[in-house]
Amino acid sequence: MKILGIETSCDECSASVVEEGKHILSNIIASQTEIHKPYRGVVPELASRKHTEWIVGVVQEALQKAGISKQELDGIAVTNGPGLVGSLIVGLSFAKGYAFSLGIPFVGVDHVKAHLYAPHLEYDIEYPYIGLIISGGHTLIGKVENYDQISIMGSTIDDACGEAFDKVASFYNLGYPGGVAIDRLSKKGNQRAFDFPFPSLHKGVHRYDVSYSGLKTAVVNQLDKFRNKQYEKTPENIAASFQKAAIEIVLSRLKLAIEDTGIRRVVVGGGVAANSYLRETLKSNRDLEVIFPSLPLCTDNGAMVAGLGYHYLAESRFSDLGLNAYPRASFISQSTIAT
């Protein structure tokens with residue numbers, strides 16, 4: 001089966017052809033970074049407008065690079081949430097029309113689950129495992145039983161990790177996208193320059209949950225309070241200290257999930273999975289089997305959508321033309337694995 005995957009949940013317009021849920025024949029990603037750079041963040045109206053302008057060409061390029069015609073497609077998978085609704089609707093509407101015109105089935109795919117599937121495109125991974133999704137819109141820890149069964153153990157109670165990176169980078173004009181800029185600057189800074197606080201979560205919050213609003217406030221509004229006086233207040237030192245604190249927050253919760261479940265296989269997905277400190281820290285733990293996707297598969301891409309969609313389509317779990325887009329992850333519910 002050759003599946004066309006379409007991803008337009010935010011500001012990447014991507015189309016990919018994947019065979020048998022594993023073999024990437026093409027993966028075209030049209031980035032809108034330069035368009036949104038002057039605003040230091042994604043402008044939803046601009047994003048959806050560019051998707052409308054680009055999607056036909058991106059799909060055609062994906063088919064051309066895969067070396068197939070549209071008539072050779074067996075199905076279409078498309079992200080229908082979560083994400084920016086305007087952007088999602090562009091990809092979803094195109095997928096519906098394209099599938100209908102070709103007389104082939106299509107299926108809507110959850111963006112978060114697709115990110116967790118991305119490493120499966122490159123590695124043979126056994127279930128179960130602890131899945132960590134860490135991106136601009138999501139920070140989730142879950143027990144993954146199969147491609148469609150994820151028990152959420154913890155999530156952010158306010159900001160996502162990637163969002164905190166973007167906000168700090170924007171405030172200090174460190175560059176855009178924020179995660180890439182901070183990661184780059186951190187290599188020239190000292191992680192000990194600032195002792196930023198970890199969140200103190202109130203009673204009743206799940207032990208695997210994380211919070212980033214406090215860290216963001218500390219970096220933006222209380223910088224001098226946490227500076228070690230022997231270090232200068234440079235962009236590099238701010239970036240290095242913030243990055244260490246932000247990543248260690250989620251790693252502390254991931255450690256608890258590993259200890260409580262006894263599962264020592266960890267799969268990471270999402271844009272922040274490209275972060276060098278996260279990758280180096282987790283991979284240095286020889287007691288864990290840690291699997292990251294390659295850098296091109298960390299960002300939003302059509303290949304992860306096509307790969308996951310293949311399994312639904314192979315089981316005849318099709319979507320109908322009434323399928324709608326949704327802004328928030330629909331499957332998230334706190335599990336009772338541990339308290």
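The model is predicted, so local features need pLDDT of at least 70 and side-chain atom pairs count only at pLDDT 80 or more, while totals for chains, interfaces and linings use all residues. Residues are numbered from 1 along each chain as its sequence is written, and side-chain values use heavy atoms, with hydrogens and water left out.

Start at helix H3, residues 85-102. Helices here are DSSP runs of H or I with at least four residues, strands are E runs of at least two, and both are numbered from the N terminus. Several H3 residues are buried, including Leu88, Val90, Leu92, Phe94 and Tyr98. Buried means under 20% relative accessible area, with a 1.4 Å probe and protein chains only. Their cover includes strand S1 (2-7), helix H2 (44-66), strand S4 (75-81) and strand S5 (106-110). Just after H3, Gly103 takes a positive phi of about 70°.

Now turn to the largest nonpolar core, with 49 residues. Such a core is a set of buried Ala, Val, Leu, Ile, Met, Phe, Trp, Tyr and Cys residues joined through side-chain atoms within 4.5 Å. Its largest share, twelve residues, comes from H8. A second, separate core of 26 residues includes Cys13, Val17, Leu73 and Ala325. In soluble globular proteins, nonpolar side chains tend to be buried together.

Leu254 is among the residues touching the most other members of the largest core.

Methods. The expected span of a helix is 1.5 Å times one less than its number of residues. Buried means under 20% relative accessible area, exposed over 50%, partly exposed in between (1.4 Å probe, protein chains only). Contact means heavy atoms within 4.5 Å.
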